[in-house]
Amino acid sequence: SYGGYSSYGYYKQPSKAELAAKAASSIADLQKKGRELNSIHLEGTRLARTWWGKAWCDNVERYRDYEYRLERGRSYVRSGAVIDLAIEPGVVKALVQGSMRRPYEQTIRIDPLPPARWEAIKRKALGKVSSLLDLAAGRVPEELLRAFCDPEDGLFPARGEISYTCSCPDFACLCKHLAAVFYGIGARL
């Protein structure tokens, strides 16, 4: 059976194939209703291909509250369960297919970078970035890359600068569906 509770009363996680089939079905249903979707489809096993995407995924590890939620989130994004991902300034909205018939809805809100931190980062980068293409590809001095990714003073949001919700019934602050969205952001970057 697909996910749900077994005859023994414990919850059975859907397999990757079951999850992928359920996601494909939800995508088809939503597209029939005229909804445009921006799904995440990974090629190969890597979650992110760019330096920025990899750095984002490394940063996601700071948001954990239950170890296996991140692992399940990686499995979900690899299975194609992130069926819609819209990134806008300060907010990310997504749909992730879970074990239920309807996909779950996620919202991630990110506070703007504090002006003082932004100014400090710009001062560190002054004269060290030769072009925007180098910056986009992560081809800048190692010290600057470390500054960009610094957990306290870098570009990525700290835990207090980010909030997120999911419509699933999971009691964890960071459920597997949200973890899949976070990794989907890294794939998109």
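Me: Start with contacts. Of those in the protein with a separation of 6 or more, what percentage comes from residues 24 or more positions apart?

Reply: Contact means heavy atoms within 4.5 Å. Here, residues 24 or more positions apart account for 65% of the contacts with a separation of 6 or more. This is a predicted model, where local features need pLDDT of at least 70, side-chain atom pairs count only at pLDDT 80 or more, and totals for chains, interfaces and linings use all residues. Residues are numbered from 1 along each chain as its sequence is written, and side-chain values use heavy atoms, with hydrogens and water left out.

Me: How many helices and strands does the protein have, and in what order do the elements run?

Reply: Helices (H or I, at least four residues) and strands (E, at least two) are DSSP runs, numbered from the N terminus. The protein has seven helices and four strands. From the N terminus, the order is α-α-α-β-β-β-α-α-α-β-α. The C-alpha trace spans about 65 × 30 × 25 Å along its principal axes.

Me: What percentage of the residues in the protein is buried?

Reply: Buried means under 20% relative accessible area, exposed over 50%, and partly exposed in between (1.4 Å probe, protein chains only). Of the 189 residues in the protein, 42% are buried.

Me: Take α7. What span does it reach from first C-alpha to last?

Reply: The expected span of a helix is 1.5 Å times one less than its number of residues. Helix α7 covers residues 176-188, 13 residues in total. It reaches 18 Å, close to the 18 Å expected.

Me: How many residues of α7 are buried?

Reply: The count is 11 of 13, so α7 is mostly covered. The buried residues run from Lys-176 and His-177 through Leu-178, Ala-179, Ala-180, Val-181, Phe-182, Tyr-183, Gly-184 and Ile-185 to Gly-186.

Me: Which residues does His-177 touch?

Reply: His-177 sits in α7. Its relative accessible area is 4%, so it is buried. Not counting residues up to four places away in sequence, His-177 touches Tyr-76, Val-96, Gly-98, Tyr-104, Gln-106, Cys-166 and Cys-168.

Me: At what angle do α2 and α7 pack?

Reply: Axes are lines fitted to C-alpha atoms, for helices over the stretch in contact, and angles run from 0 to 180 degrees between N-to-C directions. Helix α2 (residues 51-60) packs on α7 at about 160 degrees, with the axes 7 Å apart. That makes the two roughly antiparallel. The cut-offs are under 35 degrees for roughly parallel, over 145 for roughly antiparallel, 65 to 115 for roughly perpendicular, and oblique for the rest.

Me: Is the crossing of α2 and α7 left-handed or right-handed?

Reply: A crossing is left-handed if the near helix is turned anticlockwise from the far one by less than a right angle, and right-handed if clockwise. The crossing of α2 and α7 is right-handed.

Me: Which residues of α2 and α7 meet?

Reply: From α2 come Gly-53, Trp-56, Cys-57 and Val-60; from α7 come Phe-182, Tyr-183, Ile-185 and Gly-186. The contact holds six nonpolar residues, two polar and no charged. Ala, Val, Leu, Ile, Met, Phe, Trp, Tyr, Cys and Pro count as nonpolar, Asp, Glu, Lys and Arg as charged, and the others, Gly among them, as polar. An α-helix has 3.6 residues a turn, so residues three or four places apart point the same way.

Me: How do α2 and α6 pack: what angle, and how far apart are the axes?

Reply: The angle is about 45 degrees, with the axes 11 Å apart. The pair is therefore oblique. The crossing of α2 and α6 is right-handed. Trp-51, Trp-52 and Ala-55 in α2 meet Leu-145, Phe-148 and Cys-149 in α6. That contact divides into six nonpolar residues, no polar and no charged.

Me: Why is α2 called largely enclosed?

Reply: Because seven of its 10 residues are buried. They are Trp-52, Gly-53, Ala-55, Trp-56, Cys-57, Asn-59 and Val-60.

Me: Back to α6. Is Ala-147 buried or exposed?

Reply: Ala-147 lies in α6. At 13% relative accessibility, it counts as buried. Beyond four places in sequence, Ala-147 touches Lys-124, Asp-153 and Gly-154.

Me: Where is Glu-152?

Reply: Glu-152 is in the loop between α6 (142-149) and β4 (162-166). With a relative accessible area of 62%, Glu-152 is exposed. Its C-alpha is 9.5 Å from that of Arg-117, 35 residues apart in sequence.
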